[in-house]
Amino acid sequence: MKSHEAAVYREIQRNTDMAMKAIDTIAGKVYDDDLALQISRQSIRYSELHNEASKQLMAAKAESYQSNALSDVMLKTGIHYNTILNTSTGHIAEMMIKGSNNGILEMEKVLKHNENAGERPLALARQLIDFEQTNIKQLKEYL
């Protein structure tokens, strides 16, 4: 596996890992049943994309993404801080939209720097970006 391919797969892992952790952190603060179902479905899809990237890296015996404790704490602290005074459905949807936008930006940056990654990792990255864009459209209904 080329380093460009591994870099794209690792970014997919990082991106989906952060999304799943954010959903786990925020799920207990969601009081709208429809939104709760929506983000649960998102978490499942993030998990599928994460697992596919992991499978490809393991098959090539390439190094996987490893999250660090500091970024995990910062993510969770940021979510808790932003929901101390406001756990409204609209606010939570807005937070999720911002997270998806950030995920798209980070994925696009990695794709720009790894244009020669090959068809498989690029296709998986595009699936993730398309999924994030769909999430944003769906979450806008809760604003």
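Author: A helix here is a DSSP run of H or I at least four residues long, and helices are numbered from the N terminus. The model discussed is predicted.

Reader: How many cavities of 30 Å³ or more does a search of the whole structure find?

Author: The search of the whole structure finds 1 cavity of that size. The space in the largest cavity is about 30 Å³.

Reader: What makes a residue part of the lining of the largest cavity, and which residues line it?

Author: A lining residue must have an atom within 4 Å of a point of the space. Met 18, Lys 21, Tyr 65, Ser 71, Asp 72 and Leu 75 form the lining of the largest cavity. By class, this lining holds 3 nonpolar, 1 polar and 2 charged residues.

Reader: Which helix gives the most to the lining of the largest cavity?

Author: That helix is α3, which gives 3 residues. Helix α1, residues 3-26, and helix α3, residues 69-82, each supply at least two residues of the lining.

Reader: What is the volume of the largest pocket, and which residues are closest to its centre?

Author: The largest pocket has a volume of about 540 Å³. It is lined by 25 residues, of which Ala 22, Leu 75, Met 95, Lys 98 and Gly 99 are the closest to the centre. Two or more lining residues come from each of α1, α2 (33-59), α3 and α4 (89-113). Helix α4 gives the most to the lining of this pocket, with 10 residues. The lining of the largest pocket divides into 11 nonpolar, 9 polar and 5 charged residues.

Reader: Why are Tyr 46 and Phe 131 called an edge-to-face pair?

Author: The count of aromatic pairs comes to 1. Its members are Tyr 46 and Phe 131, with 5.0 Å from centre to centre and 80° between the planes. Ring centres must lie within 6.5 Å to pair, and planes over 60 degrees apart count as edge-to-face. Tyr 46 lies in helix α2 and Phe 131 in helix α5 (residues 119-139), so that the pair links distant parts of the chain, 85 residues apart.

Reader: Are Tyr 46 and Phe 131 buried or exposed?

Author: Buried means under 20% relative accessible area. Tyr 46 has a relative accessibility of 2% and therefore counts as buried. Phe 131 has a relative accessibility of 15%, and so Phe 131 also counts as buried.

Reader: Which backbone nitrogens does the side chain of Asp 32 reach?

Author: The side chain of Asp 32 reaches the backbone nitrogen of Asp 34 at 2.9 Å and that of Leu 35 at 2.8 Å. A polar contact requires N or O atoms within 3.5 Å. Apart from its neighbours within four places in sequence, Asp 32 is in contact with Thr 89 and Tyr 142. The C-alpha atom of Asp 32 is separated by 29 Å from that of Ile 12, 20 residues apart along the chain.

Reader: How do you know whether Thr 83 is buried or exposed?

Author: The relative accessible area of Thr 83 is 3%, and therefore Thr 83 is buried. Thr 83 belongs to the loop between α3 and α4.

Reader: Which residues are in contact with Thr 83, leaving aside its neighbours within four places in sequence?

Author: They are Lys 29 and Met 95. The side chains of Thr 83 and Lys 29 are joined by a polar contact of 3.3 Å. A polar atom of the Thr 83 side chain also lies 2.8 Å from the backbone oxygen of Ile 79.

Reader: Why is Lys 61 called exposed?

Author: Exposed means over 50% relative accessible area. Lys 61 has 77%, and so it is exposed. Lys 61 is placed in the loop between α2 and α3. Most residues other than glycine have a negative phi. The phi of Lys 61 is near 55°, a positive value in a residue other than glycine.

Reader: Where is Thr 77 found?

Author: Thr 77 is found in helix α3. Its relative accessibility is 45%, and therefore Thr 77 counts as partly exposed. The C-alpha atoms of Thr 77 and Thr 25 are separated by 9.4 Å, with the two residues 52 residues apart along the chain.

Note on methods: Residues are numbered from 1 along each chain as its sequence is written. This is a predicted model: local features need pLDDT of at least 70, side-chain atom pairs count only at pLDDT 80 or more; totals for chains, interfaces and linings use all residues. Side-chain values use heavy atoms; hydrogens and water are left out. On a 1 Å grid over the protein atoms alone, a cavity is a set of points where a 1.4 Å probe fits but cannot get out, and a pocket is an open set with protein on both sides within 12 Å along at least five of seven lines; lining residues have an atom within 4 Å of a point. Grid points are joined across faces, edges and corners, and a volume is the space filled by probe spheres set on the points. Ala, Val, Leu, Ile, Met, Phe, Trp, Tyr, Cys and Pro count as nonpolar, Asp, Glu, Lys and Arg as charged, and the others, Gly among them, as polar. Rings of Phe, Tyr and Trp (its six-membered ring) pair if their centres lie within 6.5 Å; planes under 30 degrees apart count as stacked, over 60 as edge-to-face and the rest as tilted. Buried means under 20% relative accessible area, exposed over 50%, partly exposed in between (1.4 Å probe, protein chains only). Contact means heavy atoms within 4.5 Å. A polar contact is a pair of N or O atoms within 3.5 Å; within protein, one must be able to donate a hydrogen and the other to accept it, and residues adjacent in sequence count only if both atoms are side-chain atoms.
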